[in-house]
Amino acid sequence: MERKDVQIPAEALARQREFSGQIRRLFESRQAHPLACVDTFGCQQNVADGQKIQGMLREMGFAFTQEPGEADLVILNTCAVREHAEQRVFGNLGALTHTKKDNPEQVICLCGCMAQEARVSERVKRSYPHVNLVFGPHALWKFPELLWQVYQTRKRVFSVAEEDGTIAEGIPTVREDGVKAWVSIMYGCNNFCSYCIVPYVRGRERSRDPQAVLAEVKELVAAGYKDITLLGQNVNSYGNDREEDYDFADLLAEIDQIPGEYLIRFMSSHPKDATKKLFDTMARCSHVAKQLHLPFQSGNDRVLREMNRRYTRAQYRELVEYARSVMPGLVLTSDVIIGFPGETEAEAMDTISLVDELGFDALFTFIYSPRPGTRAAELPDPVPRAEKQKWFDRLLEVQNAHSAQIHAAYVGKTVRVLVDGESGDEEYPLAARTEGNRLVRLQGDKSLLGQFVNVRITGSNTWALYGRAEG
């Protein structure tokens, strides 16, 4: 796919706004005030997509509800990464037969990564006749047109054709609050890790224009957002598909020049494309959080090769050591898969030994979940789930001990945090995050919401810090 084919033309996007206007006028002619329920599953990229869906719905005249039974339109925005999430979605789809029965005019939509899988869309077509609209990530930009087709024809609409993917700028967005925001800097993935379905459902890597990203971040900072996360399936490969000699580190450096009080984070970051230049840039930039989420998945080289990760245990360790050398206070987190097909107990213990050696601040841990259509799903997998669970429990034991020890060392210190929400805890009613994204349960008044404050840490456990605001 040539670069010139990536960008959706402005006139095509203008046409989508016309469809939004037609839907709005349709409801106005009925003197109706439509409600939409948008339920998003999965990663931050899905959350960002869900916010765009809400932005388009708002232009169509919809207000929002969290109750499917109240909604004129129900949208399940789905994730394809794990089997459990898929099962939840099908369970929810089945439950919507009841809301549809109570309100036959209700429109039900399945979108996101799951919808892009041919086996899923075929199953929905065959077994879930109450679902009106199915579209994948590639068709998100033309959601207004697809929904208009449903309203006009009263027929089911499926838009799940395979394609490399595009970029659509200027889609309206509904953001959840005035503190945190997500900014997609690129879409798609070229890595084809053997366990992962994402490249098949989100297409090839395509990077947004740097000026478009910078403009969006400037708008967010001006609007008062203080914790901004840059998103991509592999942010480290940003710019590889563009003609300019301009990479992710260059983008971070330019964003850092935007004046204001805010933090920049990013995810996900692939070790094979992580560079000393990136870590040097992070260390130098005052707005870039000294936090790195660098998934290693396995600590065994044979398993890494089977996963098609394209780095070794030693190379990963070298990256971490360099990053910590230029950012001594770095908060390091990672993703780990236990029980990959063919993995032995000794190989699983290699993963646990790497966790022990590197001392991660936190981990996102998973027992391998086969995804149909990936290479790993075809591999022999003789180890029983119960045995994998034992390895997994050992991993958690080691990591939880590290996390508790690291958190305990904060007690008595004063740290700067961003107060980003309420906790629901009477004793510690506020929730906050450190620069390293550590959760802090906080004593203080609601007036602190949305502010950076200094907090004295008074307690800790494996998962959180506890403290009170100073001054």
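**Notes on a predicted model: a barrel, a helix and some rings**

1. Strands here are DSSP E runs of at least two residues, helices are H or I runs of at least four, and both are numbered from the N terminus. Strand 17 (residues 439-443) runs parallel to strand 19 (residues 465-469), and the two are paired over 4 bridges. Pairing needs at least two DSSP bridges between the strands.

2. A quick word on ground rules. This is a predicted model, where local features need pLDDT of at least 70 and side-chain atom pairs count only at pLDDT 80 or more, while totals for chains, interfaces and linings use all residues. Residues are numbered from 1 along each chain as its sequence is written, and side-chain values use heavy atoms, with hydrogens and water left out.

3. Back to those strands: they belong to a closed barrel of 5 strands, in the order 15-16-17-19-18, with mixed pairing. On average, neighbouring strands of this sheet are turned by 50° against each other, direction ignored.

4. Next, have a look at helix 3 (residues 83-102). It has 20 residues and spans 30 Å from first C-alpha to last, close to the expected 28 Å; the expected figure is 1.5 Å times one less than the number of residues. Among its buried residues are Val89, Phe90, Leu93 and Leu96. Buried means under 20% relative accessible area, exposed over 50%, and partly exposed in between (1.4 Å probe, protein chains only).

5. What do the buried residues of helix 3 pack against? The partners are strand 3 (73-78), strand 4 (107-112), helix 4 (113-116) and helix 5 (118-127), with contact meaning heavy atoms within 4.5 Å. Phe90 also has Arg123 over its face, 3.7 Å from the ring centre. For that, CZ of Arg or NZ of Lys must be within 6 Å of the ring centre and within 35 degrees of the ring normal.

6. Now the aromatic pairs, 12 by count. Rings of Phe, Tyr and Trp (its six-membered ring) pair with centres within 6.5 Å; planes under 30 degrees apart are stacked, over 60 edge-to-face, the rest tilted. Phe192 and Tyr200 are edge-to-face, at 5.3 Å centre to centre and 80° between planes. Phe192 is partly exposed at 30% relative accessible area, and Tyr200 is partly exposed at 43%.

7. Why is the Tyr316 and Phe360 pair tilted? Because the planes sit at 35°, with the centres 6.4 Å apart. Tyr316 is buried at 1%, and Phe360 is buried at 0%.

Technical notes:
Axes fitted to C-alpha atoms, helices over the stretch in contact; angles between N-to-C directions.
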